[in-house]
Amino acid sequence: MPIPKAELHLHIEGTLEPELAFTLAHRNGLTLPYTDVQDLRRAYSFTDLQSFLDLYYSLMDVLRTEADFTDLANAYLARAATQGVRHAEIFFDPQAHTSRGLSMDTVVNGLAAALDTSQDTHGISTTLILCFLRDRPAAEALDTLHQARPHLEHISAVGLDSAEVGNPPENFTEVFTAARDLGLHRVAHAGEEGPASYIWQALDLLGAQRIDHGIRCLDDTDLVAHLATTQIPLTVCPLSNVRLRAVPDLAQHPLPALMDAGLLVTVNSDDPSYFGGYVHDNFQALHTHLGLNGDQLRQLARNSFTASFLPPRRKAQLI
Ligand code: ADE
Ligand code: ZN
């Protein structure tokens, strides 16, 4: 049985498996521009973050109804249970759906229907993290936060994702301040493809309590020292970094260097349908390609609970 762990960096739209994409397309009367599942899988070859995002946003057009979002989340949770996941803090991208004419209610009610039964059905506690798309205007992010207000019982944090380079965290200071005033936690993708300065901005201007990816921190020794001192966690996604060519191959992944520097590192799957593995597959890849031993993998699993937004007593039970 895989080691118990929390998943802290998982885009629910990135769990859309090709089989489910075809099922939902059929159910919604849509025709995909792929002949079959194999043909779609062949398109999963990426040169950088943007080349992935193009497919990611276009395929999510099959998500149309509450039931579609419920089925998507239930499929992920069933899969996560087999990977040892006991707690999941799940990203969703509302603007990718509201910009296609869906309502916030359709998205959140659909996801919540699956999340609400997850503890009983799968033994996984869950919460949602609402991500703002950084390649869309800051004013739209503010409007998105406003639309989410009736749903805050299901949402514990806000995040920042999508195309990083050229879209710095500083553009989203106002909406992150508003989220903090609503009592929400804050995380941000930074230092995936973008520079270490974006990590500083996420910390200093957005009040980020975790950095998603963050691998480019190694370019800035002062930043590494700061992350070590504060124990601000990094949610690292090894298979994603290789598939999106942020690192050349797993054997050269900087995760061991981040651990050696004393950072609070966690391992996560990002968009597992697209990147060739769920969270435990990432743990196994670290063992196979980087030689991480059992103690190191157990430390990473413990870190995932430490870095979560669970209350301290629940963390203590899980660690
Ligand atoms: N949205 C989904 N996956 C992402 C990633 N790896 N980076 C930025 N935005 C994303
Ligand atoms: Zn991500």
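Glu174 lies in helix H8 (residues 173-181), where helices (H or I, at least four residues) and strands (E, at least two) are DSSP runs numbered from the N terminus. The model is a predicted one, in which local features need pLDDT of at least 70 and side-chain atom pairs count only at pLDDT 80 or more, while totals for chains, interfaces and linings use all residues. Residues are numbered from 1 along each chain as its sequence is written, and chains are lettered from A and ligands numbered from 1 in the order in which they are written.

Glu174 is partly exposed, with 13 other C-beta atoms within 10 Å. Under the criterion applied here, a residue is buried if 20 or more other C-beta atoms lie within 10 Å of its own, exposed if 12 or fewer, and partly exposed in between, with C-beta atoms placed from the backbone. When neighbours within four places in sequence are left aside, Glu174 is in contact with Ala138 and Leu142; contact requires the C-beta atoms of two residues, placed from the backbone, to lie within 7 Å. The C-alpha atoms of Glu174 and Leu205 are separated by 9.2 Å, and these residues are 31 residues apart along the chain.

The sheet may be considered next. It is an open sheet of eight strands in the order S1-S2-S3-S4-S5-S6-S7-S8, with parallel pairing; two strands pair if DSSP finds at least two bridges between them. Strand S1 (5-7) and strand S8 (265-267) stand at the edges with a single partner strand each, so one side of each lacks a neighbour in the sheet. On average, neighbouring strands of this sheet are turned by 25 degrees against each other, direction ignored. Helix H14 (residues 279-290) packs on the sheet and touches S1, S2 and S8, and its direction makes about 115 degrees with that of S8. For such angles, axes are lines fitted to C-alpha atoms, for helices over the stretch in contact, and the values run from 0 to 180 degrees between N-to-C directions.

The pairings can be followed along the strand order. S1 and S2 run parallel and are joined by three bridges, and Lys5 has Val85 in S2 as its bridge partner. Eight of the eight residues of S2 are buried, so this strand is largely enclosed by the rest of the structure. Strand S2 (residues 85-92) pairs with S3 in the parallel sense over six bridges. In this pairing Phe91 stands opposite Ile129 in S3, and Leu130 in S3 is the bridge partner of Phe92.

Strand S3 (residues 125-133) is mostly covered, with seven of its nine residues buried. S3 is joined by six bridges to strand S4 (residues 155-161), and the two run parallel. Ile129 stands opposite Ala157 in S4. S3, helix H7 (residues 138-148) and S4 together make a right-handed β-α-β unit; a crossover is right-handed if, with the strands pointing away from the viewer, the path from the first strand over the helix to the second runs clockwise.

Further along the order, strand S5 (residues 185-190) runs parallel to strand S6 (residues 210-213), with four bridges between them. Here His189 has Asp212 in S6 as its bridge partner. His213 also has its place in strand S6, and this residue is buried, with 28 other C-beta atoms within 10 Å.

Most residues other than glycine have a negative phi. His213, which is not a glycine, has a positive phi near 75 degrees. Arg245, also not a glycine, has a positive phi of about 60 degrees. Arg245 is found in the loop between helix H11 (238-243) and helix H12 (255-260), and is partly exposed, with 15 other C-beta atoms within 10 Å.

Asp36 lies in another loop, between helix H1 (18-27) and helix H2 (37-42). Asp36 is exposed, with 10 other C-beta atoms within 10 Å.
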